[in-house]
Amino acid sequence: MKVLPTSTCFKNLYRQFHVQFTSGQYGEREGKYICIEQVGVISTWESTFTGVLTSKMIQQPEKEVINVNERLHLQDPAPLYDRLLKRGPFFNGTHWILTRHAHVNALLRNQAPSKRTGNEPLANSLRKNILFKDPPDHTRHRAAAQEFFSPRSMLLEEETITEVATRLIASVKEKRRMEFISEFASRLPVAIVADYLGVPEDKHDFLFGFARQFIFEFSNDPEMSDRGVSELRSYFTLNIDEFMRKASPGKLLEKLAEGHRNGMLAKEELIEMCVFLFAAGSETSGCLLGSGLLTLLQHPESLEAIRNNPNLIPNAIEEMLRYESPVPMTTMRSTTEPMEIDGLVIPEGRPVIGILAAANRDPEKFPNPGVFDIHRNTTGHFSFGGGIHYCLGASLVRLEAKVTFRILFEQLPDLRLDNGHLPGRWLRSMSGSNKGFAFHWRERVPTRGLEYLNLKW
Ligand code: HEM
């Protein structure tokens, strides 16, 4: 263990050894290195050096804690987003981070940055799917599925979604209580996307487990995450021929199979599409249903307005997406040429991430961003990303949410939070301070959703 003598020495070490920050995080802006966390243990990639860094060693004007995984931020990320917005673009030691609406917009609309990822196992695995492809491959993959997800085609899906939602509510109605995430918000999107891909009902939970493993471990444990993808891939590889044979006309799988038959998608690419669509379509929508409902229950005047006038639901859903963005940040893009953001030049070959949830709370774009206002103009929120990688499932999600809120408030007019009840499994796993709460935010990234939401009526 060696203690760094001065900030200058630290800067030199950073340049020389590519210091990897294990607990402190540091930023680079306008050529200067700035300290954003006061105390941290640092170590080099080469393990030739470790040191304890104290506030004495670097005297910098800007100091800010920015550990996005901290419990505090995950339960209430709004103050963190405020601080990030004030800072503007910065380098966090591994990635350039953009937070302001105009900056995130510039990133999403710019087609030059690449989605190519590194060589680690998860990256190799991800490279096969649409979200991590660049044109022209990306264009080809997207074309195979786009027609099915168009807002017009989605109108035909309302009946199926209504059937599933009605069945799920009927199964709990008499109980007068439910844990909304496990009994509804996760079940509805899984049932819908599984039906589109031909997955039989007795395999829904099995596959959803792997989809969650893929997404939850994405930034924590890449190997574990990759195992989730591999399981999904094996399942579809084994069953795809049968699913294609049985595919209902006009459904997603039939469109993808058609793409395969006319040479647009190779078999392996078709399987990757199924894997990714299953994972993306099952996990994120549940986050919106849970956080959207919670937000409404916490804003009784908005809930009342919607009950009196269900035509307000579509704009309320956009506001839910802005206010509690289920996918808080973009996946990584890599600059292929120097990229200028507001006078700051990010050099070629650098990883860049846009914080969508922060951009959605940029006061320059959305006045009083901390206010949940179902009447506000939400045009331009980035919850579904933007540019060529704009979420393919956006119309489906909007429809799932519209049907859910309509049916919930029709069928359960007295719906409210249940503070006095928790399912046994949560009581076992929770610290005493949480007991009895009606809801708890998940302490996992990269999606933002509720661990549980207890309701009664
Ligand atoms: C609330 C629910 C959802 C949210 C917030 C969401 C958000 C996003 C975002 C932010 C991106 C772009 C990420 C980036 O540019 O790095 C994206 C891409 C994508 N999403 Fe979603 N998503 C949701 C649900 C769905 C559903 C239900 C499906 C399909 C069934 C889906 C399929 C996709 C696909 C295929 C892409 C990649 C598009 C491309 O690369 O061209 N998503 N989503």
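**Reading a ligand shell and a buried strand**

Mentor: Two helices, α14 (267-298) and α18 (394-411), each supply at least two residues of the shell around the ligand, where helices (H or I, at least four residues) and strands (E, at least two) are DSSP runs numbered from the N terminus. This is a predicted model, in which local features need pLDDT of at least 70, side-chain atom pairs count only at pLDDT 80 or more, and totals for chains, interfaces and linings use all residues. Residues are numbered from 1 along each chain as its sequence is written.

Trainee: How many residues surround the ligand, and which are the closest?

Mentor: A residue is near a molecule if its C-beta atom, placed from the backbone, lies within 6 Å of it. Here 25 residues surround the ligand, the closest being Gly281, Thr284, Gly385, Cys391 and Gly393, and α14 gives the most to this shell, with seven residues.

Trainee: Why is strand β15 described as largely enclosed?

Mentor: A residue is buried if 20 or more other C-beta atoms lie within 10 Å of its own, exposed if 12 or fewer, and partly exposed in between. In β15 (residues 450-456), five of the seven residues are buried, so the strand is largely enclosed by the rest of the structure.

Trainee: Which residue is the bridge partner of methionine 178 in β15?

Mentor: Two strands pair if DSSP finds at least two bridges between them. Strand β8 (residues 177-179) runs antiparallel to β15 and is joined to β15 by three bridges, with leucine 455 as the partner of methionine 178. Strand β14 (residues 439-441) also pairs with β15 in the antiparallel sense, over three bridges, and tryptophan 441 stands opposite leucine 450.
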